[in-house]
Amino acid sequence: MTEIERKNLIVQACDARQHAHAPYSKFLVGAALLTESGEIIVGCNVENGSYGLTICAERVAFGTAVASGHRRFPALAVATTGGHAPCGACRQVASEFCKDLFVLLIDADHPDRAVETSLAELLPGRFVFPSE
């Protein structure tokens, strides 16, 4: 990933965060997913009064990317207050498409201090369907 792609991922994840629908938790999350072709697909969290129906920003980005025909992703950026890592469900969804994925954890209040990690570090024992 180039430095320009890295900066664009950070900016777009932070921008997507501003579109979040989080009236219950007030916890805004933005995600920016880099496709193999270099396109960036964004997502934000969308909460629901029935909490189980809430969808995370990362899963919105992956779903949008898949619906647009993408299946390979070299990098994901996630922006939250505090720079939190994706939840376990989002980690597992990411693992469906990426055995390893470069991940940027962005504190939206200090985007210049993004933490670099990988999906392998965040989800060391991913579930794999038995036929894989």
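Residues are numbered from 1 along each chain as its sequence is written, and side-chain values use heavy atoms, with hydrogens and water left out. Because the model is predicted, local features need pLDDT of at least 70 and side-chain atom pairs count only at pLDDT 80 or more, while totals for chains, interfaces and linings use all residues.

The description begins with the sheet. Helices (H or I, at least four residues) and strands (E, at least two) are DSSP runs, numbered from the N terminus. Two strands are taken to pair if DSSP finds at least two bridges between them. On this basis five strands form an open sheet in the order β2-β1-β3-β4-β5, with mixed pairing. Its edges are β2 and β5 (115–118), each of which pairs on one side only. From one strand to the next, the twist averages 20°; axes are lines fitted to C-alpha atoms, for helices over the stretch in contact, and angles run from 0 to 180 degrees between N-to-C directions.

Strand β1 (residues 30–34) runs antiparallel to β2, and five bridges join the two. Within this pair, Gly-30 stands opposite Cys-44 of β2. The two strands form a hairpin with five residues between them, and Gly-38 in the turn has a positive phi of about 95°. Strand β2 (residues 40–44) has four of its five residues buried, where buried means under 20% relative accessible area, exposed over 50%, and partly exposed in between (1.4 Å probe, protein chains only). β1 also pairs with strand β3 (residues 75–80), again in the antiparallel sense and over five bridges. Here Ala-32 has Ala-77 in β3 as its bridge partner.

Helices lie across these strands. Helix α1 (residues 3–17) lies across β1, β2, β3, β4 (102–107) and β5, and runs at about 145° to β1. Helix α2 (residues 57–67) lies across β1, β2 and β3, at about 140° to β2. In helix α3 (residues 88–97), the residues Cys-90, Arg-91, Ala-94 and Ser-95 are buried. These residues are on the same side of α3 because they cover an arc of only 140° around the axis, the arc being that of the directions from the helix axis to the C-beta atoms. The cover over the buried residues of α3 includes α2 and α4 (119–122), with contact meaning heavy atoms within 4.5 Å.

A nonpolar core is a set of buried Ala, Val, Leu, Ile, Met, Phe, Trp, Tyr and Cys residues joined through side-chain atoms within 4.5 Å. The largest such core has 19 residues, of which Leu-33, Phe-62, Phe-73, Leu-76 and Leu-101 touch the most other members. Two or more residues come from each of β1, α2, β3, β4 and α4. Helix α2 gives the largest share, four residues. Leaving aside residues up to four places away in sequence, Leu-33 touches residues including Leu-9, Ile-40, Phe-62 and Phe-73. Apart from this core lies another, of 13 residues, among them Leu-9, Ala-32, Leu-34 and Ile-40.

Cys-98 is buried, with a relative accessible area of 3%. The sulfur of Cys-98 is 13 Å from the closest cysteine sulfur, in Cys-90, so this distance is also too far for a bond.

Key: Disulfide = S-S within 2.5 Å.
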